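This report concerns helix ends and backbone geometry. The sequence and model are shown below.

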Amino acid sequence: CRRAPAPASSASLEELDTLLTLHRTETDTRMSEKRWFPLESNPEVMNVYVERLGWPTSQLAFTDIISTDDWALDMLPQPVRAVLLLFPIKELHEAVEKEQKERIDTSGQTVSPNLLFMKQSVGNACGTIALLHACCNAITTSGVSPVAGSWLARFYESAKGKSPDVIAELLEADQEIEETHESAAAEGQSAITDEDVNTHFIAFVQADGHLYEMDGRKPWPVNHGPCDADGILRSATAVIKQFMQLDPEEVRFTMVALTAPVTE
């Protein structure tokens with residue numbers, strides 16, 4: 001991974017939004033040459049990161065899911081508003097994703113208009129995108145609001161109602177989020193290297209009675225069926241268990257939930 005040089009000057013989210021709306025014809029977003037350092041699947045690092053962006057971790061914070069078994073899920077504080085999964089990208093997963101895309105292209109799916117979904121156009125930005133998918137959609141489902149005037153509050157207002165491609169370009173062009181991401185990546189326990197990273201973050205969120213998989217590599221959210229606001233943990237981990245069963249010898253899966261804060 002190599003961090004792209006910072007631009008000579010940075011524009012506000014509002015200015016970037018206006019430029020994109022006026023001058024851009026929306027097409028499928030392709031991965032740019034810009035690459036960030038990978039984010040670690042570490043709730044402590046994630047919570048510091050989103051706090052810097054303006055998320056109130058005193059109301060909802062990230063915590064580890066140590067197993068998909070009931071005993072482990074029962075230990076998590078409630079409510080749960082999102083689940084994040086980090087997994088290794090392999091050919092078998094890509095084959096399943098291809099079948100999934102063909103099925104949706106042919107049969108269609110229900111997608112809530114209340115979802116905020118963005119594509120990934122920056123290499124290794126999947127951790128940040130998963131966190132934004134979790135927090136921005138929790139604003140709708142939980143009533144929790146980012147700190148007034150914060151980066152997250154400004155981003156959310158600029159991104160609402162925009163296409164996944166436009167939101168991706170807003171994120172890619174924003175210097176503040178790039179610098180905050182790099183700071184969070186540097187605080188992880190794993191060594192940062194320049195080698196390609198073959199693991200990927202996705203998020204699961206709930207909206208309007210359905211569970212959605214939010215993966216910035218895909219053209220749209222994936223509807224995984226009915227799910228009420230309080231059922232996201234078990235619905236998401238049921239999908240994750242099916243995903244894990246595709247490669248039962250693989251152990252590099254980690255899960256994190258956005259929940260009420262853990263109390264001692």
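Which residue follows α2, and what is its phi? The residue after α2 is G54, with a positive phi near 115°. The model is predicted, so that local features need pLDDT of at least 70 and side-chain atom pairs count only at pLDDT 80 or more, whereas totals for chains, interfaces and linings use all residues. Residues are numbered from 1 along each chain as its sequence is written, and side-chain values use heavy atoms, with hydrogens and water left out.

Helices (H or I, at least four residues) and strands (E, at least two) are DSSP runs, numbered from the N terminus. Helix α2 spans residues 43–53, and its buried residues (under 20% relative accessible area, 1.4 Å probe, protein chains only) are P43, V45, M46, N47, Y49, V50 and L53.

Most residues other than glycine have a negative phi, and most peptide bonds are trans.

| Residue | Phi | Loop |
|---|---|---|
| N124 | about 65° | between α4 (91–107) and α5 (126–142) |

N124 counts as buried because its relative accessibility is 10%. A cis peptide bond, with omega near 0°, joins Q78 to P79. P79 belongs to the loop between α3 (70–73) and β2 (80–88).

Note on methods:
Buried < 20%, exposed > 50% of the residue type's maximum accessible area, 1.4 Å probe, protein only.
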